Amino acid sequence: MNNVRLIFKGVTEIVGKNELGLLILTDIECKRQLSIICDRKKAIEVELRSKHIPITEDMLPEALCKIINKQSDQIQLELIINDIIDGEYQVQLHNLIDDFTVPINAADAVLLSVAGKIPIYITIPLMCVQSVKYKDNPNGVSIPLNSLSNDMLDQALDKAIHEENYELASQLRDERNRRNTSSNPMSL
């Protein structure tokens with residue numbers, strides 16, 4: 001298998017963005033980390049499951065996972081992060097029994113993994129590009145520019161220009177231009 005197994009490590013906030021959170025995943029050895037941006041509601045849902053809060057026991061993800069576990073002869077699931085496009089990780093929910101896959105939102109994939117103890121993986125090449133060195137209890141978390149949504153990228157660019165951080169503004173502009181070029185092949 002050419003994938004890296006990920007484990008959920010925790011939830012953190014994006015400073016200045018109360019409506020957003022970061023889901024932190026690491027490799028098994030806790031050497032590298034991957035950060036997935038999500039809305040605050042999803043961050044809270046994942047955190048409730050990670051803390052084993054009893055209120056979650058009869059919620060939808062848990063109910064579905066109970067049904068799936070009863071069907072273990074027909075359903076054996078894994079989640080695979082296999083790409084990133086315009087700031088969004090591409091994830092597949094894969095049934096190993098019949099090789100059936102369906103796309104799933106990355107934050108929902110982490111929620112399902114935590115709630116149902118479903119293994120989550122990332123392809124090795126993507127882990128090499130998207131991960132950063134893991135630091136336990138960091139003061140801040142680094143995230144790759146290509147994992148920012150288009151709106152977040154534009155906001156960060158505006159802020160960098162306003163703060164006269166032209167080196168960062170240049171990097172943000174280059175990422176925005178790369179996305180615009182790749183989504184509009186006629187501009188080549």
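These exercises look at salt bridges in a predicted model.

**Exercise 1.** How many salt bridges does the rule count?

*Solution.* The rule asks for a side-chain nitrogen of Lys or Arg within 4 Å of a carboxyl oxygen of Asp or Glu. By this rule the count is seven.

**Exercise 2.** Find the salt-bridge partner of K41, then say where both residues lie.

*Solution.*
- Step 1: The partner of K41 is E45, and their closest N and O atoms are 4.0 Å apart.
- Step 2: Both residues, K41 and E45, sit in helix 1, residues 40-50.
- Step 3: They are four residues apart, about one turn of the helix.

**Exercise 3.** Is K41 buried or exposed? Is E45 buried or exposed?

*Solution.*
- Step 1: Buried means under 20% relative accessible area, and exposed means over 50%.
- Step 2: K41 has 61%, so K41 is exposed.
- Step 3: E45 has 19%, so E45 is buried.

**Exercise 4.** Which residue forms a salt bridge with R49? Which parts does the pair tie together?

*Solution.*
- Step 1: R49 pairs with E62, with 2.6 Å between the closest N and O atoms.
- Step 2: R49 lies in helix 1 and E62 in helix 2, residues 60-70, so the pair ties together parts 13 residues apart in sequence.
- Step 3: Both R49 and E62 are buried.

**Exercise 5.** Describe the salt bridge between R173 and D174. Then find the network that joins K41 to other residues.

*Solution.*
- Step 1: The side chains of R173 and D174 meet at 2.8 Å, N to O.
- Step 2: R173 is partly exposed, at 39% relative accessible area.
- Step 3: D174 is partly exposed, at 39%.
- Step 4: Salt bridges with shared partners join K41, E45, R49 and E62 into one network.

Definitions and conventions:
Residues numbered from 1 in each chain as written. Predicted model: local features only at pLDDT ≥ 70, side-chain atom pairs only at ≥ 80, totals over all residues. Heavy atoms only, no water. Helix = DSSP H or I, 4+ residues; strand = E, 2+ residues; numbered from the N terminus. Buried < 20%, exposed > 50% of the residue type's maximum accessible area, 1.4 Å probe, protein only.
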